[in-house]
Amino acid sequence: MPCPHHDIKIVQRSNRQSAVAAAAYQSGERLFSEYDQKQKYYAEKRGIVHTEIMLPPHAPPEYADRNTLWNAAEAIEKQWNSQLARRIVLAIPREIPPEQHADLLRDYCREFFVSKGMIADFAIHDKEDGNPHAHMQEAFQKGFEDAFGKTDAVILPEKDIDQSVNAEGSAVYKAVVDGEMVGGAVVIINESTQHNHLDLLFVKNGVQSNGIGKKIWFELERIYPNTKVWETCTPYFDKRNIHFYVNVCGFHITEFFNEKHPMPDTPDDFVGDGNEGMFAFEKQMRL
């Protein structure tokens, strides 16, 4: 039996992350955050086959409600850099039958968390069409390697995807054609300013040049008609993406980030621009 994928991350307020948003994404439920007074809901989140909250004996019974639980967790943590939750992603080996998955996770959560006085909120995802994160990473990896050749570096690390997905105001979309996932997007919506950001947009390898990226983009415009300005960025080397944003989607270039003019909040280990810099784009929708 192969060793399963096991990834642990901290949901941190200093990274503009929300425990309520993370719980909404994981469970597929519509939750309301009392911290920022915003609803958290990921309309395109599919493939959730089971959700469950496990409480230790001393926990208030009302914490069995997901909205109550995670708002309480956020209310307790007051600091700007508070650690709000731990998020653990496990890949269950294919050899284990689906009817055993819930019991397997209950045993895991009971042994490592609940028995130690912690609350466990878990969900089982079975997308059937594969992992969207993997498709997204593959698409970005191919774009980089088409320009620079094969590399061992991960161009779009899982942590960067999770940071976008769990950011305040994020919404995640999956594009499906004839039952098959062919692409997707992550947007960050600022309800107060309506200056919104396209964080990630990808088309699955093998289905490019079919107008799917264009359809994804203009569907996002339709979904968010109150947007005043859309913003995004792409690497200098990626001429196809530059053409897509400028000539297909109607963006214009506003700034060029490089070694002498670094992009704000860029991680030290970022390699996705091939050390050639990044273009920032804007699209003015209305005044």
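1. Glu219 is partly exposed at 34% relative accessibility, a class lying between buried (under 20% relative accessible area) and exposed (over 50%), computed with a 1.4 Å probe on protein chains only. Arg222, at 54%, counts as exposed. The two residues form a salt bridge whose closest N and O atoms are 2.5 Å apart; the term denotes a side-chain nitrogen of Lys or Arg within 4 Å of a carboxyl oxygen of Asp or Glu. Both belong to helix H6 (residues 212-223), where their spacing of three residues puts them about one helical turn apart. An α-helix has 3.6 residues a turn, so residues three or four places apart point the same way.

2. The model is predicted, with local features requiring pLDDT of at least 70 and side-chain atom pairs counting only at pLDDT 80 or more, while totals for chains, interfaces and linings use all residues. Residues are numbered from 1 along each chain as its sequence is written, and side-chain values use heavy atoms, with hydrogens and water left out.

3. The protein chain contains seven helices and twelve strands, taken as DSSP runs (H or I, at least four residues, for helices; E, at least two, for strands) and numbered from the N terminus. Of its 287 residues, 43% count as buried. Its accessible surface comes to about 16100 Å², of which 51% belongs to carbon and sulfur atoms; the areas come from the Shrake-Rupley method with a 1.4 Å probe, and for residues only the protein chains shown count as cover. With contact meaning heavy atoms within 4.5 Å, 63% of the contacts between residues at least 6 apart in sequence join residues at least 24 apart.

4. Helix H6 has end C-alpha atoms 16 Å apart, in agreement with the 16 Å that its twelve residues should span at 1.5 Å a residue; the expected span is 1.5 Å times one less than the number of residues. Its buried residues are Ile212, Gly213, Ile216, Trp217, Leu220 and Glu221. These pack against strands S7 (170-177), S8 (180-188), S9 (195-203), S10 (229-235) and S12 (278-284), and against helix H7 (239-248).

5. Val187 is located in strand S8 and is buried at 0% relative accessibility. Beyond residues up to four places away in sequence, Val187 touches Gly169, Ser170, Ala171, Tyr173, His197, Leu198, Asp199, Leu220, Tyr224 and Trp230. The C-alpha atoms of Val187 and Ser170 are separated by 5.6 Å, although these residues are 17 apart along the chain.

6. The salt-bridge count comes to nine. One of them joins the side chains of Arg66 and Glu29 at 2.5 Å, N to O. Arg66 lies in helix H2 (residues 66-76) and Glu29 in the loop between helix H1 (19-27) and strand S2 (31-33), so this pair ties together parts 37 residues apart in sequence. Arg66 is buried, with a relative accessible area of 5%, whereas Glu29 is partly exposed at 30%. Salt bridges with shared partners join Glu29, Arg66 and Asp121 into one network.

7. A salt bridge also links Arg106 and Glu52, with the closest N and O atoms 2.9 Å apart. Because Arg106 belongs to helix H3 (residues 101-112) and Glu52 to strand S4 (residues 48-54), the pair ties together parts 54 residues apart in sequence. Glu52 is buried, at 18% relative accessibility.

8. The whole structure holds 14 aromatic pairs. The criterion is that rings of Phe, Tyr and Trp (its six-membered ring) have centres within 6.5 Å; planes under 30 degrees apart count as stacked, over 60 as edge-to-face and the rest as tilted. Phe244 and Tyr245 form an edge-to-face pair, at 5.2 Å centre to centre and 65° between the planes, and both residues are buried. The rings of Phe279 and Phe281 are also edge-to-face, with centres 6.4 Å apart and planes at 65°. Phe279 is buried at 14% relative accessible area, as is Phe281 at 1%.

9. One aromatic cluster comprises Tyr173, Trp217, Tyr224, Trp230, Tyr236, Phe244, Tyr245, Phe251, Phe256, Phe279 and Phe281. Lys239 lies over the face of Tyr236, at 4.6 Å from the ring centre. Arg30 is placed over the face of Tyr41, at 3.9 Å from the ring centre. Such a placement requires NZ of Lys or CZ of Arg within 6 Å of the ring centre and within 35 degrees of the ring normal.
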